[in-house]
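Here are my notes for a colleague who is new to this structure. Please read them with the model open.

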Amino acid sequence: QLTSGDDINLLANDPSGHGEGGQGWYDLSIAVDPEDSQTVYVGGINLWKTDNAGYHWELLTFGYPEWGQSDEPYVHVDHHALEWHPLTGVLFNGNDGGIYRSSEGGETWEDLSDGLHILQIYRIGSSLSAPGRIMTGSQDNGTFANFSAGWSEMFGGDGMECIIHPLDTLILYASFQNGNLIKSYDGGLTWYSIKPAEASDGVWITPFVMNPHKPDVLYAGYDEVYKTTDGGSNWKRVSTFLPADERIYSLALCHAHPEVVYAANQTDVWRTENGGESWKLINNNLPRQLSKPITYITVSQEDHNTAWITLGGYDYPFNVSRVYMTRDGGKNWFNYSENLPDVPVNCVVYEKHSNDAVYVGTDIGVFYRNASMDEWIPFNEGLPNVIVNEMEIDYARGKILASTYGRGLWESDPYPDNSGALYAAFAVDRISSCAESPMHFTSQSSGDIDSLRWDFGQDASPPTSTLGEVDVTYPTAGLRTISLTVYRNGEQVTETRPNFVRAVTDITVHVLPEEGIIPLGTGITLEASGADQYVWTPAGGLDFPEEPAVYASPAEETLYTVKGTQGICEDEATVRVIVYPNDSVCNAAPLEWGENGPFYNHRATVEENEPFPGTNGANACTTPLKWCNEGGLQHSVWFRFEAPEGGTVSIDSRGFDNQIAVYDTESCEDILQGHATLIAAFDDYYDDADYYAAAIEKMSDLVPGKTYYVQVDGSAGGVEGVFYLSLYDSPLDIYDIPGKESKGRIILYPNPARGSFTLQWNGLPEGEHLTVAVYTLSGKQVTLRKIPHPRKNGSYPFSKSLPPGMYLLKVGNNHFSAHLKLILE
């Protein structure tokens, strides 16, 4: 109980001591000076000191210097240990960044961590197309990558799951704690939030997986499973099976058949065979032991019905059941834990083109097993005795990677299976096909067999075969069981997979993207799936109208229909391609008085010598004739208007975060030749517009009847979207443009910030409360605060953890509202 002295919070991240919350359950350390019992050090997120037994505290270190809120020396956050050297009087500090020491009572600190391999890695993302290119997500040390000469941090905080695009290695996916999913298009220089708008927070390490054949298709687990088909721009909830307040902990898909996805919370497993359209609970024979939560799922890369799950936690009395396996898509599970120690198993990875070889990562290292073995064996040579959180196989280099919790990233050659065991294995090109349409089966059995024999069923064509690769058709709908027997030196082994493939009598054709928006003179790739043969109509503007993927470059808006056939089945789908002409200045679209639109800047390009306003200066975002310094010109489109008799014009916009510029010139060609005068420009302003759309409050003394040109670009690093422009022959009444007399003033500091920031207001209208909502640029609300009974002048600190990026704040009550932009670094 505090009886006198400072009333402050030593455990929050606010350097003033007035912040909320803390994490004493995770980082809390105390040390008393051995020479002075009145001097005490307390470490939480930052480090504090008192020299009068707690009556007054001073901040010793601050882990967020980029916030600009304290001049105290930087020491990494989250302090776990404080120890005095018994002979020298040096104070040692152990935190999430390593080990520091001070010989001056905490006034200065020396980092001793260089050379320590102690990174606590949660997840790995290795590239399928660039050998050795790896990302890692780590506890309190961010997401790292080795894209250049060495390893470097991509972004800070707590790094979680991460994925490298299999074709374009500049496209990266990463995540922050509790499912803050982010994406980069430029190799990690800038990041954008792509968390599903309607999803609740996920678990600490929120899972997400990618379809390796269609990399824009991802699944993410939150309060349900969410799916995107456009790389995260839009998400759709595709499951409804979770109980209230439950979360998805694990996701896995079959690489050979990525429409098959497995999902689990900590006690149950579900499966879909159609990309999330329907799910089945597949818990038969699984133990109902809440003390052993499900930690991970992996699926065979060849057999969608073969999967493994791992269990964590501890048991008493001891009961070794740490890995379960299914060979029939979860209809039955069996214990696959023989010879595993009774410690948490955190992950499992399957080795493709093998005899069902799998590796598991446990709290004491790695173990290996394949289908010819009766039990697991240790696979730890050279690896420290350490927790292994995740493993991946880098097939291009022939290495298996292990992320450890406290000893960094390790790699090894895969287990050398020199047993010479005879085994049967096979794969099929698709698991569902229309009657009379062939499925292609391939043997992947051990390489030194004498012969083999397939059994596809009596109604199959052919019913049997002795070839290594076979095309098979079925006349009617239904599930089919497939068997393959291999022979060698009088020995034989049979692999039977019940209900492995399905013949159907109807198909569904899909097209991605679901809608195309392009500038005139450009094109877009449309890709159909779900059939074998395709015909696109109309053929105009298409390169190959009888291929599944076409390049569409129509001269005007066009609705395309694709008809797909497979065996006796057929279906069709449509996709609309919208074409806008004003990507170039000389194709500027005319504006009428009032609201115009909708307009687009999707895939818009920058013309050679195309001008744009200056972006220099600390207040460029809110300075007339300037734009924010957010990456320059990226997706600009053009408009034109004729000045009215009165010579006064204003422009408003809505729809997305944009920036506007207006030019006086004699012709459109003069703009690209540098013979134009910038007469107005603005990026951010404080009216009621959604998504921080820009405006031009007033342009005066325009020449009546003369044509002026308007340039609109996506702000915040090149946002693309749909927007509207309103043209008026009178000034706008915009509330609270900086420098303009108004009812009040709202500011953020620091801005840019990292994690914490403060909202300050002066002279605001009185109200019962002040509402502060924080949105992503896509309009998703991520924070909502209601400040009760605010004073006319006041401030309020925010400390919610958000991933780096741009955010919009809407502040107001029943008397007013204002918008602000926040940049988190």
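1. Start with a linked group of charges. Asp303, Arg327, Asp356, Glu495 and Arg497 are joined in a network of salt bridges. A salt bridge here is a side-chain nitrogen of Lys or Arg within 4 Å of a carboxyl oxygen of Asp or Glu. Side chains of opposite charge can pair when their charged atoms come close. The structure holds 24 salt bridges.

2. A word on the source. This is a predicted model, where local features need pLDDT of at least 70 and side-chain atom pairs count only at pLDDT 80 or more, while totals for chains, interfaces and linings use all residues. Residues are numbered from 1 along each chain as its sequence is written, and side-chain values use heavy atoms, with hydrogens and water left out.

3. Now the overall build. The protein chain has 2 helices and 66 strands; these are DSSP runs, numbered from the N terminus, with helices (H or I) of at least four residues and strands (E) of at least two. The radius of gyration of the chain is 31 Å, close to the 28 Å that the globule rule gives for 825 residues, so the chain is as compact as a globular protein of that length. That radius is taken over C-alpha atoms, and the rule is 2.2 Å times the number of residues to the power 0.38. Along the principal axes, the C-alpha atoms fill a box of roughly 95 × 85 × 50 Å.

4. How much of the chain is buried? Buried residues make up 54% of the 825 residues. The cut-offs are under 20% relative accessible area for buried, over 50% for exposed, and partly exposed in between (1.4 Å probe, protein chains only).

5. Look at Arg123 and Glu161. They form a salt bridge, with the closest N and O atoms 3.9 Å apart. Arg123 lies in strand β9 (residues 121–126) and Glu161 in the loop between β12 (152–155) and β13 (163–164), so the pair ties together parts that are 38 residues apart in sequence. Arg123 is buried, at 10% relative accessibility. Glu161 is buried too, with a relative accessible area of 10%.

6. Arg397 has two partners to check. Its side chain meets that of Asp394 in a salt bridge (2.8 Å, N to O). It also meets Glu411 in a salt bridge (2.7 Å, N to O). Arg397 lies in the loop between β33 (388–394) and β34 (399–404) and Glu411 in strand β35 (residues 409–412), so this pair ties together parts that are 14 residues apart in sequence. Asp394 is buried at 2% relative accessibility. Arg397 is partly exposed at 30%, and Glu411 is partly exposed at 42%.

7. Turn to the surface. Leu28, Ile30 and Val32 form a nonpolar patch with about 270 Å² of accessible area together. Patch residues have over 30% relative accessible area and no salt bridge; like charges are joined within 9 Å, and nonpolar side chains (Val, Leu, Ile, Met, Phe, Trp, Tyr) within 5 Å. Areas come from the Shrake-Rupley method with a 1.4 Å probe, and for residues only the protein chains shown count as cover. Ile30 sits in strand β1 (residues 29–32) and is exposed at 55% relative accessible area.

8. One last spot. Asp450 is in the loop between β38 (439–443) and β39 (451–455). Asp450 is exposed, at 53% relative accessibility. Asp450 and Glu491 are 41 residues apart in sequence and 9.8 Å apart in space, C-alpha to C-alpha.
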